[in-house]
Amino acid sequence: MSTSSSAIESVLVENRVFHPAEAAVKAARISGMESYNALCAAAEKDFTGFWAQLARDHVVWDKPFSKTLDESNAPFFKWFEDGELNASANCLDKHMGTPVEHKTAIIFEADDGAVTRVTFKELLAKVSQFANALKAQGIQKGDRVLIYMPMTIEGVVAMQACARIGATHSVVFGGFSAKALQDRIVDVGAVAVVTSNYQMRGGKELPLKSIVDEALSMGGCESIKSVLVFQRTPTACAMVAGRDKTFEEALAGQSTECPAVPVGAEHPLFILYTSGSTGKPKGVQHATGGYLLWAKLTMDWTFDVQPSDVFWCTADIGWITGHSYVAYGPLAAGVTQMVFEGVPTYPNAGRFWQRIERHKTTIFYTAPTAIRSLIKAAESDDKVHPKQSDLSSLRILGSVGEPINPEAWMWYHKHVGGERCPIVDTFWQTETGGHMITPLPGATPLVPGSCTLPLPGITAAIVDEAGHDMPNGAGGILVVKRPWPSMIRTIWGDPERFKKSYFPEELKGYYLAGDGAVRSADRGYFRITGRIDDVLNVSGHRMGTMEIESALVSKTDLVAEAAVVGRPDDLTGEAICAFVVLKRSRPTGDEAKAIAKELRDWVAKEIGPIAKPKDIRFGENLPKTRSGKIMRRLLRSIAKGEAITQDTSTLENPAILDQLGEKY
């Protein structure tokens, strides 16, 4: 493990501070910094007692737990281990017999603008019926079900139905390739796939079922016994007799009542794959009890949800944000939420703002990449500017996925929030299950570009490579010193990789977030400065450099060697830059452009379109030391367009740097 200079470099001092409005402070669940500090003090005084009380207050238990935290086999921590519950029952059943049962649970707006509403009671019936359909396929507690769905009500139903019967779901983003899908099916040992014939994005019909078929034809997927297909569009898709069923066929005759199966608190609720610094994605395993507690609690704390709120998280269910703040958190909190199928720029770049006006959204949670793209659109076309829509219903804004640069924060605050809405700039990860460091809307003074302070009970710190605390103002490695309920339990099937990746021996048993950070000298606010490993953050999605390199060199007829680095990008935060050595002479001009396109398309096929390199440079070799080590720091400088000022005396062939500096 090593920290790059970019990960620990000092950041510009930000002097702008925005205090929460007095009315917001008075109405908030955590009211003012005194309330925040009191919660932090309670966690410090009695750590396990703090979490135990929250778990009793916010989770419905079928069997109460008697032991809060088991640290005897660290870092394989267990929370509420002898308790039993069901996640779906905590999201749906608990609301029955209360006014919430007749409340709208989901407002679904399709790509074409058509709107469907479903109440909590109706959603429970849908989930129960689908759960019965899963059981009819022989799926039972402990089985793994892979979900490859568009952003629809049915995607949420499928996730909740798995939880209802104790099956563990693994959702794969609908933009991933057949190969990526096959890798996950094999690794998780899935017994069934839930998918759709097509998905709609930006007015286009994109295939899903045919990608599933391709994945299953690759081999190693013999564990799959059933494929259930949602007919999202009228267009027919190929069906395999005896294996495939449409939703309509699977649901026929199934009851809309299905008792929720109690599971142990440590029962795997889901496995979600995320990129690592090696080629193979990591199956992050989350436990039912601790995860559900934090999803519910962060809805209350971070978003300060109220009964009248209309909550909108724009994330896809294929990512952790779509798990915690679409599929579970809002339902557990009993809040009305919006689910959106389309893209922010279709039919025009004012779609987000028009949708907020249409549905009177009160809490809006999106990614800096989306904000930056919409800033660009608004500046070039006044007709799609937020000022053209009535955004007066908004009371809280959120940012997720990557650090938001201060000027984008200011635009978001001014033009979307009307300079009255607090922005909760949330830092967290797939592995953390929910928010870790974030402002609280009724308590925290806001500083643009800073995620501010850890939530109560989260012992975040910045240390050096030996685990020693760094002073405020000095950068270092972001860690969490004590376990928390929603943390990753292991990497599916690879406990050694789990320990090595997240709890390296040199860090004293602290959780390694993999990010560099710095705390401000004045307030002690956290600011994330970037990854310290070979993982890129592209539009808020983590992509392993090794994963992309492996995809490139798998083009065995063409590519001899490849190295991938990131460079800053105004729109996506980081852009993927690939340096490629071909098995033939180095191309130039139009030939280089054609080969670069071929390689981009290949990576899209192997991983998915989100992994396509933005830049591809060709060289006769890569910059290597005489011992054969690729000098990635030089490649990072080349990708950024910087002059090479580092020592290149150890390079085998310094002339190669000029070749790699040429763009195509």
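1. The buried residues of helix 15 pack against helix 13 (351–359), strand 18 (363–366), helix 14 (368–380), strand 19 (396–399) and strand 20 (423–425). Helix 15 itself covers residues 406–416, and its buried residues are A408, W409, W411, Y412, H413 and V416. Here buried means under 20% relative accessible area, exposed over 50% and partly exposed in between, with a 1.4 Å probe and protein chains only. Contact means heavy atoms within 4.5 Å. Just after helix 15, G418 takes a positive phi of about 60°.

2. On provenance and conventions: the model is predicted, local features need pLDDT of at least 70, side-chain atom pairs count only at pLDDT 80 or more, and totals for chains, interfaces and linings use all residues. Residues are numbered from 1 along each chain as its sequence is written, and side-chain values use heavy atoms, with hydrogens and water left out. Helices (H or I, at least four residues) and strands (E, at least two) are DSSP runs numbered from the N terminus.

3. Just after helix 19, G641 has a positive phi of about 80°.

4. Two packed helices are described by the angle between their axes and the distance between the axes. For helix 7 (residues 153–165) and helix 12 (residues 320–333), the axes come within 11 Å and cross at roughly 65°. Axes are lines fitted to C-alpha atoms, for helices over the stretch in contact, and angles run from 0 to 180 degrees between N-to-C directions. The crossing is right-handed; a crossing is right-handed if the near helix is turned clockwise from the far one by less than a right angle, and left-handed if anticlockwise. From helix 7, V156, M159, Q160 and A163 meet H323, V326, A327, Y328 and L331 of helix 12. By class, this contact has 7 nonpolar, 2 polar and no charged residues. Ala, Val, Leu, Ile, Met, Phe, Trp, Tyr, Cys and Pro count as nonpolar, Asp, Glu, Lys and Arg as charged, and the others, Gly among them, as polar.

5. The axes of helix 8 (residues 178–188) and helix 9 (residues 209–216) come within 8 Å and cross at roughly 60°. Helix 8 is therefore oblique to helix 9, where angles under 35 degrees count as roughly parallel, over 145 as roughly antiparallel, 65 to 115 as roughly perpendicular and the rest as oblique. This crossing is right-handed. A178, L181, Q182 and I185 in helix 8 meet I211, V212, E214, A215 and L216 in helix 9. The residues of this contact divide into 7 nonpolar, 1 polar and 1 charged.

6. D304 occupies the loop between helix 11 (288–301) and strand 16 (310–313). D304 is buried, at a relative accessible area of 6%. Its side chain reaches the backbone nitrogen of R29 at 2.8 Å. Neighbours within four places in sequence aside, the residues in contact with D304 include A27, A28, R29, R395 and P441.

7. S31 lies in the loop between helix 2 (22–27) and helix 3 (32–45) and is partly exposed, with a relative accessible area of 25%. The side chain of S31 reaches the backbone oxygen of V25 at 2.6 Å. Setting aside neighbours within four places in sequence, S31 is in contact with V25, K26 and G442.

8. Most residues other than glycine have a negative phi, and most peptide bonds are trans. A cis peptide bond joins A74 and P75, with omega about 5°; P75 is in the loop between strand 1 (69–70) and strand 2 (78–79). Another cis peptide bond joins Y346 and P347, with omega about -5°, and P347 is in the loop between strand 17 (336–340) and helix 13.

9. F80, which is not a glycine, has a positive phi of about 55°. F80 is placed in the loop between strand 2 and strand 3 (84–85) and is buried at 0% relative accessibility. T452, also a residue other than glycine, has a positive phi near 65°. T452 is found in the loop between strand 20 and strand 21 (460–463) and is buried, with a relative accessible area of 0%.

Terms used:
Polar contact = N/O pair within 3.5 Å; in protein donor to acceptor, adjacent residues only side chain to side chain.
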